[in-house]
Amino acid sequence: MNAYIEKLKQQLAQNPPDFGGAESVIDLLYLIYTEFNPINNQEIRDGFERLRNHFPDMDLQDFDVIFVTVSELCTEHERLAFIEGFRLGITLSQELTKK
């Protein structure tokens with residue numbers, strides 16, 4: 001059996017799978033999940049509006065830098081939470097199926 005696994009590893013090393021821009025299978029799952037389940041609710045829109053109201057004199061081009069930075073931080077937190085939730089689910093499943 002080990003010979004088959006080694007051959008499979010060699011084949012994957014020579015022909016790495018294309019994850020469509022994602023770095024791993026779990027990142028690909030996250031991208032697909034967020035594509036079909038976007039998080040853009042009224043609470044988030046209200047939060048960005050409150051943020052904008054804190055900078056009333058700032059022109060939109062300068063505020064966009066803040067907006068993009070906050071959006072990127074939120075997206076990274078969401079991605080990490082998704083991955084950790086996935087790992088936690090796998091761990092829970094393994095614990096529940098132990099004999």
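Read along the sequence, the protein follows the pattern α-α-α-α, with four helices and zero strands. Helices (H or I, at least four residues) and strands (E, at least two) are DSSP runs, numbered from the N terminus. The radius of gyration, taken over C-alpha atoms, is 21 Å, well over the 13 Å that the globule rule gives for 99 residues, so the protein is more spread out than a compact globule. That rule is 2.2 Å times the number of residues to the power 0.38. The C-alpha atoms fill a box of roughly 70 × 40 × 20 Å along the principal axes.

This is a predicted model, in which local features need pLDDT of at least 70 and side-chain atom pairs count only at pLDDT 80 or more, while totals for chains, interfaces and linings use all residues. Residues are numbered from 1 along each chain as its sequence is written, and side-chain values use heavy atoms, with hydrogens and water left out.

Of the 99 residues, 9% count as buried; buried means under 20% relative accessible area, exposed over 50%, and partly exposed in between (1.4 Å probe, protein chains only). Among contacts (heavy atoms within 4.5 Å) between residues at least 6 apart in sequence, 44% join residues at least 24 apart.

Helix α1 covers residues 2-14, and its end C-alpha atoms are 18 Å apart, which agrees with the 18 Å that its 13 residues should span at 1.5 Å a residue. The expected span is 1.5 Å times one less than the number of residues. None of the 13 residues of α1 is buried, and the helix is hardly covered.

Next comes the pairing of α2 with α4. Two packed helices are described by the angle between their axes and the distance between the axes. The axes of α2 (residues 25-36) and α4 (residues 60-96) come within 10 Å and cross at roughly 115°. Axes here are lines fitted to C-alpha atoms, for helices over the stretch in contact, with angles from 0 to 180 degrees between N-to-C directions. From α2, Ile-26, Asp-27, Leu-29, Tyr-30, Tyr-33 and Thr-34 meet Thr-75, Glu-78, Arg-79, Phe-82, Ile-83 and Phe-86 of α4. These residues divide into seven nonpolar, two polar and three charged.

Within α2, Asp-27 counts as buried because its relative accessibility is 12%. Beyond its neighbours within four places in sequence, Asp-27 is in contact with Ala-22, Arg-79 and Ile-83.

Arg-87 lies in α4 and counts as partly exposed, at 46% relative accessibility. Arg-87 and Val-65 are 22 residues apart in sequence and 33 Å apart in space, C-alpha to C-alpha.

Methods. Nonpolar A, V, L, I, M, F, W, Y, C, P; charged D, E, K, R; others polar.
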